[in-house]
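Here are my notes on the model, as requested. Please read them with the structure open.

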Amino acid sequence: MSRVVVTGRIPETALENLRANHDVIAWESEGSISREELLRRVAGADAIVSLLTERVDAELLDAAGPQLKVVSNVAVGYDNIDVPACTERGIIATNTPGVLTEATADIAFGLILMATRRLGEGERLIRAGQPWKWGMFFLLGSSLQGKTLGIVGMGGIGIATARRAKAFGMEIVYQSRSEIDPAIADELGARRVELDELLAVSDVVSLHCPYGPNTHHLIGAEQLAAMKDTAYLVNTARGPIIDEAALALALRENQIAGAGLDVFEQEPKVHPWLLELENVALVPHLGSATVETRTAMAVLAATNTLAVLGGEQPPTPING
């Protein structure tokens, strides 16, 4: 039996798959595992099933020992994993792409609607017990039909978000490292542009690119200044892609119309100005938060783990 350490709570179905043939040490508490406890638990592990809240770096890999074969991240993003350190030690790292595409696109489009139609403002007003009545100019938002959605990072989630936008009558432009499949581009009527043009022409900008050194603060003061003052910014990718302080200032000064954020630069901390502003919708990293999606993510991570421990190629390797 191999020793499998699971760094946080995951759906029982995935744990059952792992326990069928291996010794599983799972963190069962609601809160996150402490770094000290994590370093202690991974000693002697053959596999680590990690959540994005845990940093998998050289220290952790060395604490596990030379027998460690695989780190299976229960997330599509893997900025919490030092992939070169894994590769250097002959450890396969895996992630869970594909299974969270639709759920994350739902949240992205939900945030677009929340921001453009001021839904958060309306709900807060009612919950606060403030007096209100219907009026011609009461809480006016912005319609989406005939507007332009600019997607930064046209992978699976970007494409799924674009399909939702197309159904709402929006035009699509995108910035990505490569052209998408021509058939998909034709289906969406999507046009590839550079980031500068995308920011200038878009009524809504939605971020779906991976996070790394090249995308750290991809959207900062300069890029926000390039957007229309009637435009909205949505982020369901990773928080540090946006310079959060610059965004807070831009929103405070009405440099752009609004924003919708599912992720934050210093998560779970949020810039205090954002908490005070009405023109930003804030949700706590719910992109993949459906029962079906989180279960599928955990099961795929377990499948990756079992494949490597069985001497097979995992379905979704990062460096394998």
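This is a predicted model: local features need pLDDT of at least 70, side-chain atom pairs count only at pLDDT 80 or more; totals for chains, interfaces and linings use all residues.

1. Salt bridges overall. The count comes to 20 salt bridges. Two groups deserve a look on screen.

2. The network around Arg35. Salt bridges link Arg35, Arg55, Asp57 and Glu59 in a network. Arg35 pairs with Asp57, with the closest N and O atoms 2.7 Å apart. This pair links distant parts of the chain, 22 residues apart. Arg35 sits in helix H2, whereas Asp57 is in the loop between strand S3 and helix H3. Arg35 also meets Glu59 in a salt bridge, at 2.9 Å from N to O. Glu59 lies in helix H3, so that pair ties together parts 24 residues apart in sequence.

3. Asp57 has a relative accessible area of 15%, so it is buried. Arg35, at 24% relative accessibility, counts as partly exposed. Glu59 is partly exposed at 44%.

4. Helix H7 to helix H8. Arg163 and Glu187 form a salt bridge, their closest N and O atoms being 2.7 Å apart. Arg163 belongs to H7 (residues 156–167) and Glu187 to H8 (residues 182–188), so the pair ties together parts 24 residues apart in sequence. Arg163 is partly exposed at 37% relative accessibility. Glu187 is partly exposed too, with a relative accessible area of 42%.

5. Helix H5. H5 covers residues 101–116 and has 16 residues. From first C-alpha to last it reaches 23 Å, close to the expected 22 Å. Its buried residues include Phe109, Leu111 and Ile112. Just after H5, Arg118 takes a positive phi of about 60°.

Terms used. Residues are numbered from 1 along each chain as its sequence is written. Side-chain values use heavy atoms; hydrogens and water are left out. Helices (H or I, at least four residues) and strands (E, at least two) are DSSP runs, numbered from the N terminus. The expected span of a helix is 1.5 Å times one less than its number of residues. Buried means under 20% relative accessible area, exposed over 50%, partly exposed in between (1.4 Å probe, protein chains only). A salt bridge is a side-chain nitrogen of Lys or Arg within 4 Å of a carboxyl oxygen of Asp or Glu.
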